[in-house]
Amino acid sequence: MLTGSKSTFKVRQMGPDIKERMLNHQSVATARGRDVFGLRCLPGECVLQRAVMVRKKLTAREGRGWLSGTLFCTHFRVAFVPQDAPKPDDNADPVLLGDHDIALASIEKVAVVGPNRTKVVSPNSSLKFTPEELVLYCRDLRVVCFLFDRLTPDAQVIEITHSIAKTYQPLKAGSVLAFQNAALGSVEMKQFLSNRRRDTHMNWHESAADWERELERCGATGWRVSSLNERFEMSTSLPRFIVVPQKVLDTELKKSFAHFNDGRIPRWCWRHPRGSDLLRMSSFHNNIYHEKDDVRNLELILFGCHSSLCVVVELGEELPSPADIQLAHGRLRQLCLGDISSASVSVPDDKWLSTLEATHWLDYTRCCLKKASEVACLLRSGHMTVALQECEDRDLSCVVSSLAQVMCDPHCRSRAGFQSLVQKEWVTAGHRFYSRANFHRLNDKDEAPVFLLFLDCVWQLWSQYPSRFQLTDDFLLALHDSAHLPLFSSFLANSQRERCRRSQNQGQCYTPVNGWREPPPDGSAEPAADPPLPPVWDWLLQYSEQRQAAFTQPVPRTPAPPPLLNGNLNTHPDARRQSDATPGSVFLFSRGVFSCPANLLPWRGGGGGASISGVYRKSHRRAPSSESVPGGLERLLKACSLAEGPPGPEADPYRPLLPLLMGPCLGLWRECYHRGALHAQAFSHPLSANHRHPLELLAGEVRHLQERLAQARSAPADANLNHNANNGTFLFPKSHGAVAAHKAPSTAVPAANPPPKDNANKHTFLFGHASDARTGPVDSKVAKSNAS
């Protein structure tokens, strides 16, 4: 029975069935949690039901096979404790989710398998048969299977199935906070989370000092940190601190917010080592009168530290909309997991690849990578500002800006640098995580996995240049799964303003009289009613140190970029004199070409401005000729050409990693999207040691053929056979020879694998990327996914 008035109040809101089981259960949590039947409970967590002698189906990363243990259902998670698991340490810190735990809030459907039938269980459904297998479909595309032993009591099987079905969904839409209170609402848990230390190796981009440190790291001179939006009076979606040109005063800057949607004015994001600056902004308000001083201030902000050239990259025409992304992701889910409503396969084998192409998910990934590559080439050319313009500046601009920095900056390809990048371009920049993830399940029209599309694009870069990344695909997969958990402050707000109001993990607080103030040094702040939400970067709350060791891999140290004169490579005297002059040319870059449309800048209408003369006005849908494009812009056109080959080992470390975008070069992130396909489409029952599933038999035959081919290659007597094996078949290429031959489907994945060479033997017809060869053949569905 739970103790304390707050805990009792939360129990009363959970319904009579759940409340009765919780109050009748004999488990009282202590300050560190308690061992209940071998389960390490969180403070205040109560076990609703358990089932003994249960086997869990392991994935390829977990070593395959089955793991025996006990299955638990609490009011927060579904926990599985292996029978040979070590005894939990009472003095260890609490862990929100263990290696075999599933948060109830991440479950989408619950299905059971009985004799010759499969049924999706809802909170109000009744079971007329005893389930033999329990299948949990998760929002992060995982499918977790549990097999009940014949000796498991039928009452336990039915009770735990009903407990999960009645608890995984909120009682009403918008009550997702019940899951947070269930996991973090106890006094002991609040105290524990409040005392957690933040990662000091990453930049959180929440204070003025953090932005100053980022300016110093990038060598961005001529810029300053403005606190004009400290109280979120100028824009409710922008962060408290923004980076603007030094020559623009706050009094002049204050007039510029009204000229942009939601007040998202052009602001600095990153500087390339060659001197170009990356900016982000929303669309202009064309119906606002622009005074003379406003025009000057707007141009000073847009040009930044460069007075000669500014390129505005329009993102609305070539990139998909959030609604398109949501539709493509839904089709991809249905393709990989089948029809969840009936727990059956809906796509025939011979139409799988064409159906994958029809989802348009890989097309949208290609579009984002292409646009980010163009922006990266523009930044590498130097001597300009590149401003990304989106209608609201909160979705696709986050994707393109982040990808361009990942391509150009080796620091962003490290674990700490990538976490800082997500904090800067997504968390504090105002991406609507809460609405796009649809945790509240109130309005589906705003739901769109834009952040997941970005992670897929990063995985495509990693798969083509694995040795240039310190972070691994295990890290990307962990971040993908964490984005579906409503437990972290990083994903439970639409802006920094909302995050400051909801999360108690913020170091400062705001009062109407004193403004923002630091907390008292003795930590004697008044406790809040809502639980403190930890950031997603506190990985110890989810993963052990052994699991975190797979998040990174050693990479060569990147040398510091050469120093720039005044932050600009252009040291010609005429160019320096031009930098003090009035702003120069503004060009629109769209669909791969430059143009100077008359309505690009609302305040430059008609023939205003020498650089926007009628000679250079062209439709952005027509490629301008070399005679009509200024000389400096012709150089940019050559810089934007993607015909350059992949960088070699001796190349410039700051040269952008331009991905290969042809059809066969982009693969399906099968370790994310296809990891649950085998469980979802074929329920396997290990009735005896001699009984094997047909898919496992097929995988064994493929392995046997690989072994025969490996023996044929290594046999010196038959040179003809050896020659034909090396040049012979597209099914088993040379790059997968003896390594894949010794990989049985039931073997565990090694803890560390040497990264393959960049762009070496990346793509084959059946096995896809060479870095995925360690997984070996698993089933026909997985084999088909590599062809994409």
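What percentage of the 788 residues of the chain count as buried? The figure is 55%. This is a predicted model. The chain holds 26 helices and 20 strands. Among contacts with a separation of 6 or more, 72% join residues 24 or more positions apart.

**Helices α12 and α13**

- Helix α12 covers residues 396-408, and helix α13 covers residues 415-427.
- They pack at an angle of about 150 degrees. Their axes are 10 Å apart.
- Angles over 145 degrees count as roughly antiparallel, so α12 is roughly antiparallel to α13.
- The crossing of α12 past α13 is right-handed.
- On the α12 side, the contact uses C398, V399, S401, S402, Q405 and V406. On the α13 side, it uses F418, L421, K424, E425 and W426.
- Sorted by class, this contact has six nonpolar, three polar and two charged residues.

**Helices α13 and α15**

- Helix α13 also packs with helix α15, which spans residues 450-464.
- The angle here is about 145 degrees, and the axes are 13 Å apart.
- This crossing is right-handed.
- From α13 come F418, V422 and W426. They meet V450, F451, F454, L455 and V458 of α15.
- The contact of α13 with α15 has eight nonpolar residues, no polar ones and no charged ones.
- F418 and W426 are listed in the α13 contact with α12, and they are listed in the contact with α15.

**Helices α15 and α16**

- Helix α16 runs over residues 473-482.
- Its axis and that of α15 come within 10 Å. The two cross at roughly 175 degrees.
- That angle makes α15 roughly antiparallel to α16.
- Helix α15 contributes F451, L452, L455, V458, W459 and W462. Helix α16 contributes D473, L476, L479 and H480.
- The contact of α15 with α16 divides into eight nonpolar residues, one polar and one charged.
- F451, L455 and V458 of α15 take part in the contact with α13, and they take part in the contact with α16.

**Salt bridges**

- Side chains of opposite charge can pair when their charged atoms come close.
- The count for this model comes to 31 salt bridges.
- R217 and D409 form one of them, at 3.1 Å from N to O. R217 sits in helix α6, residues 208-218. D409 sits in the loop between α12 and α13. The two are 192 residues apart, so the pair links distant parts of the chain.
- R217 is partly exposed, at 33% relative accessible area. D409 counts as buried, at 5%.
- R280 pairs with E425, and their closest N and O atoms are 2.8 Å apart. R280 is in strand β14, residues 277-281. E425 is in helix α13, and 145 residues separate the pair.
- E318 lies in the loop between β15 (309-314) and α9 (322-337). K371 lies in helix α11, residues 361-381. The pair therefore ties together parts that are 53 residues apart in sequence.
- E318 is partly exposed, with a relative accessible area of 22%. K371 is buried, at 2%.
- Shared partners join several salt bridges into one network. Its residues are E214, R217, R264, R267, R280, D393, D409, K424 and E425.
- K424 and E425 of that network are listed in the contact of α13 with α12.

- C408 is found in helix α12.
- C408 is buried, with a relative accessible area of 0%.
- Leaving out residues up to four places away in sequence, C408 touches W270, H272, A376, R413, Y654 and P656.
- C408 and P653 are 245 residues apart in sequence. In space, their C-alpha atoms are 8.4 Å apart.

Key: Residues numbered from 1 in each chain as written. Predicted model: local features only at pLDDT ≥ 70, side-chain atom pairs only at ≥ 80, totals over all residues. Heavy atoms only, no water. Axes fitted to C-alpha atoms, helices over the stretch in contact; angles between N-to-C directions. Helix = DSSP H or I, 4+ residues; strand = E, 2+ residues; numbered from the N terminus. Parallel < 35°, antiparallel > 145°, perpendicular 65-115°, else oblique. Left-handed = near helix turned anticlockwise from the far one by under 90°. Contact = heavy atoms within 4.5 Å. Nonpolar A, V, L, I, M, F, W, Y, C, P; charged D, E, K, R; others polar. Salt bridge = Lys/Arg side-chain N within 4 Å of Asp/Glu carboxyl O. Buried < 20%, exposed > 50% of the residue type's maximum accessible area, 1.4 Å probe, protein only.
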